[in-house]
Amino acid sequence: MATVQTLYQEMAAFFKPLWPGEDKPLVLGEGRDSSPVLMLIGEAPGETEVIKRRPFVGKAGKNLDEFLTLARLNREDIFVTNAVKIRPSEIGPTGRTRNRAPNKEELSLFIPWLLKEIQAVRPGALVTLGNVPLKALTDKKNTVGACHGQWMQSKAGIPLFALYHPASIIYRRTLSTVYDQDVLTLAEALDRPEGAS
Ligand code: URA
């Protein structure tokens, strides 16, 4: 079984020639990379993550810290990564580069690598943030609105717990209570591992 570091070398070699002339650096996962209690999977890196080449820093890092506090976990004890490892971006009407949702091509390029990454890290559970990793790891028909706060079976054969993406909560304040409740449900299951199924 490949370690995640070997896998990341393979990924770097695979992606290097794909977008010649474009600056699309990979932002890889980090944290406890062997059998952590959970692997947290976001959508894709944003601007700050690309600058720092680290997932969940910048604004998303603050969301992650809140998650960790509520779930009674330490960042070093979990593995943090994204479904898509480049920043999907476009030029907005003001001429500034802005984030966009990953497209089909990006998803089909990156999801097989995500599955290999999960096999290499072997976490006890997967926690997905938002629709992108949830759909990729379960079924396209699933939505976070219907699945949040529930344990599901994932394509990786590891139990998956779906959460809203913290960024969606910023725009829909009413979801913040739901999100907090879901994280507490997760924390309880992690305290009683037999509940995580
Ligand atoms: N930053 C990340 O690394 N992932 C997200 O999903 C959002 C921001």
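Colleague: In what order do the six strands of the open sheet stand?

Modeller: This is a predicted model. Strands of a sheet pair through backbone hydrogen bonds, either parallel or antiparallel. Here the open sheet has the order β1-β3-β2-β6-β8-β7, and its pairing is mixed.

Colleague: Which strands stand at the edges, each with a single partner strand?

Modeller: They are β1 (30–31) and β7 (151–153); each has a single partner strand, so one side of each is left without a neighbour in the sheet.

Colleague: In which sense do β2 and β6 pair, and over how many bridges?

Modeller: Strand β2, residues 39–42, pairs with strand β6, residues 126–129, in the parallel sense over three bridges. Within this pair, Leu-40 has Val-127 of β6 as its bridge partner, and Ile-41 stands opposite Thr-128.

Colleague: How many bridges join β6 to β8?

Modeller: Four bridges join β6 to β8 (residues 159–163), and these two strands run parallel. Leu-129 stands opposite Leu-163 of β8.

Colleague: Are the residues on the two faces of β6 buried or exposed?

Modeller: A residue is called buried when its relative accessible area is under 20%. In β6, Leu-126 and Thr-128 lie on one side, Val-127 and Leu-129 on the other, and all are buried; both faces are therefore covered.

Colleague: Which strands does helix α4 lie across?

Modeller: Helix α4, residues 104–121, lies across β2, β3 (79–82) and β6. The helix runs at about 165 degrees to β2.

Methods:
Residues are numbered from 1 along each chain as its sequence is written. This is a predicted model: local features need pLDDT of at least 70, side-chain atom pairs count only at pLDDT 80 or more; totals for chains, interfaces and linings use all residues. Side-chain values use heavy atoms; hydrogens and water are left out. Two strands pair if DSSP finds at least two bridges between them. Contact means heavy atoms within 4.5 Å. Axes are lines fitted to C-alpha atoms, for helices over the stretch in contact, and angles run from 0 to 180 degrees between N-to-C directions. Buried means under 20% relative accessible area, exposed over 50%, partly exposed in between (1.4 Å probe, protein chains only).
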